[in-house]
Amino acid sequence: MIKSLYTRVVVTFLAAIILGTVIGFVITFWEYREKLNETMHTTLSNFSQDIVRIYEILPVDEANLYVSGMRQLNAYHVRIYDGTGQFQSYGVHNGQSPASVTMDQVKKVLGGEIVRVNASTVSPNLLGLPLKTEMGMKAMFVEQLIAPTASFNIKWLSSFVIYSLIAGSLLILVASIFLVRPIKKLTIATRQIAAGDFNVELNIKQKGEIGSLARSFEEMMHDLQQLEQMRRDFVSNVSHEVQSPLTSISGYAKALKHVAISDVERSRYLDIIIAESERMSKMSDGLLKLSLLESQSQQLNRVSYGLDEQIRRVIVAIQPQWSARDISFELHLKAVTVTADYDLLNQVWTNIIGNSIKFSEEGGVISVSVLQDSKNVAVQISDAGMGISLEDQKRIFERFFKADRSHSRKHGGSGMGLAIVKQIVSLHQGDIRVESELGQGTTIMVTLPINILPE
C-alpha cells in the first residue's frame, strides 16, 4: 500500500511540475511577446534612423563605406534600393533567408512612406525608410536578424521560473486536497467511532489502496457495531442470569430468619439456596472458561489419543444422568486416533451428550457415531428429544441463549455450554453444525481435522 501511495504522490508531483512548467511558459510567452516585439521594433527603428542620419551628414561614398564597416551588421541586414529595383546590401544573413521586399513596398518608401513588414510576429522584422542622398531618393530596408535579447532573456527566464513555481505549487495544493480528503474522512470517522457513534458514512469511491482501506474500515466499523451490540446483550444477559438466583438466595435466606418454620421447610429452603449458589458458580466458571478460550492466550495441549475411547469414557462418567432417566445409547464408534487437546474435547463431548440427555424423553435413545476420511473425523450425536426450532438453531451457539425459554426453567442450565463447545471446536480448526426439527429430535455434528496444524 505504501509503495503504491508513494508512487501516486511522485506521479502527482511530476505531473504538477510538468503542467506548472507548461502553464508558466504560456503565461510568460503571452506577457513578454508584446514587450519583445516592442523592444525589437524600437531597436530596429533607432538603428535605421542612425543610418538615415549618416547619409544626411556624409557624402554617399563615405556613408557607404561607414555603413559597410558597422559592427551592428552582425545583427542587421541593410538593403538600399533605387527606383529601378536595384539594391546594394550590407551585412551577411549567416545562412538565413532574407525577408522578401516587393516593388510596391519599394515604391511606397520612395514616395516618403515608412513600411513595416511582419510587424505582428516576433521574428523576422523588416523596416523600410526613405533615404535622401546626393544621388536622389533611395528606399532603405533594414532587417533585424538577431533579437536584442541579452537582458531580455534574463527577465524572461526569471518570470518563467516564478510563474512555473506558482502554477506548480497551486496544482500540487489542489492535488494534495484530493489525496488527503479520504484520509481526513477516515480520521473523522475514527473519532466518531471512538465516541461510540457507529452510524458513519465514508462515501469513499476511490479504487486502489485508499479504497481498500476505506472498505476495510467500513467492515471494521460494522464488526465493532456488532461487538458493541453483543457487549450490551452480554451485560443484559449476565444481569438477568445473576439477578434471578440472587433473588432466590436472598428471599429464602430471609425466610430462614423466621423462627416459626418447620425443619422440612428449612431444609427445602437450604437446598434451594445451595442449588442457586451452584448455578451461579457454574455460570461464573463458564464465563471464565469462555473468556479464556476467546483470548489469544489459550494454548492447545496436543496429544495423540483414541477419540472413540474418549467418547466411551465420557458416557460412563455421566452415567448417573442417563441411567436415572432410563436412557440408552447406540454407539457406532470407529477406532480413530486424533492429535488434539484431550481435556478440551472431553468437555465438548460432555456438554453435547449432556444436552442430549437433558432434552430427551424418559426411556429415549441417543445415537453416537464416529466417521473418518483421509483428513477429518466426524462425530455425530443424535437424540429423539423435543428438537429446536429453525429460528433458535441460528442462535444456539450464543452465550446465555436457551432454546427452552420457559420461566419454569424445567431443564436448567446457564446457556453457556454450546458457546464453549463452539469456541473449543474453532480452536481445533474444526466445524460444528446442528440439524433439528421440533418434536423430532436434534443431531449435532462435529468435524475435526485428524492432525491439527499449529497456528
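Helices (H or I, at least four residues) and strands (E, at least two) are DSSP runs, numbered from the N terminus.

**Entry 1: the model.** I note that this is a predicted model, in which local features need pLDDT of at least 70 and side-chain atom pairs count only at pLDDT 80 or more, while totals for chains, interfaces and linings use all residues. Residues are numbered from 1 along each chain as its sequence is written, and side-chain values use heavy atoms, with hydrogens and water left out.

**Entry 2: Asp 82.** I looked up Asp 82 and found this residue in the loop between strand S1 (76-81) and strand S2 (87-90). Asp 82 counts as partly exposed because its relative accessibility is 22%; buried means under 20% relative accessible area, exposed over 50%, and partly exposed in between (1.4 Å probe, protein chains only). Apart from neighbours within four places in sequence, Asp 82 is in contact with Val 106, Leu 110 and Lys 138, where contact means heavy atoms within 4.5 Å. I also checked Met 135, 53 residues from Asp 82 along the chain, and found their C-alpha atoms separated by 9.7 Å.

**Entry 3: the whole chain.** I recorded 11 helices and 12 strands in the protein chain. Of its 455 residues, 37% count as buried.

**Entry 4: H7.** I listed the buried residues of H7 as Leu 307, Asp 308, Gln 310, Ile 311, Val 314 and Ile 315. Seen down the axis of H7, these residues fall within an arc of 160°, so they line one face of the helix; the arc is that of the directions from the helix axis to the C-beta atoms. Arg 313, Val 316 and Ala 317 are exposed on the other side of H7.

**Entry 5: H7 with H9.** I found that helix H7 (residues 307-317) and helix H9 (residues 342-359) pack at about 50°, with axes 10 Å apart. Axes are lines fitted to C-alpha atoms, for helices over the stretch in contact, and angles run from 0 to 180 degrees between N-to-C directions. H7 and H9 are therefore oblique to each other (under 35 degrees is roughly parallel, over 145 roughly antiparallel, 65 to 115 roughly perpendicular, and the rest oblique). Residues that meet across this contact include Leu 307 and Ile 311 in H7, and Leu 345 and Trp 349 in H9.

**Entry 6: H9 with H11.** I noted that the axes of H9 and helix H11 (residues 417-427) come within 9 Å and cross at roughly 145°. Among the residues meeting here are Leu 344 and Val 348 in H9, and Ile 420 and Ile 424 in H11.
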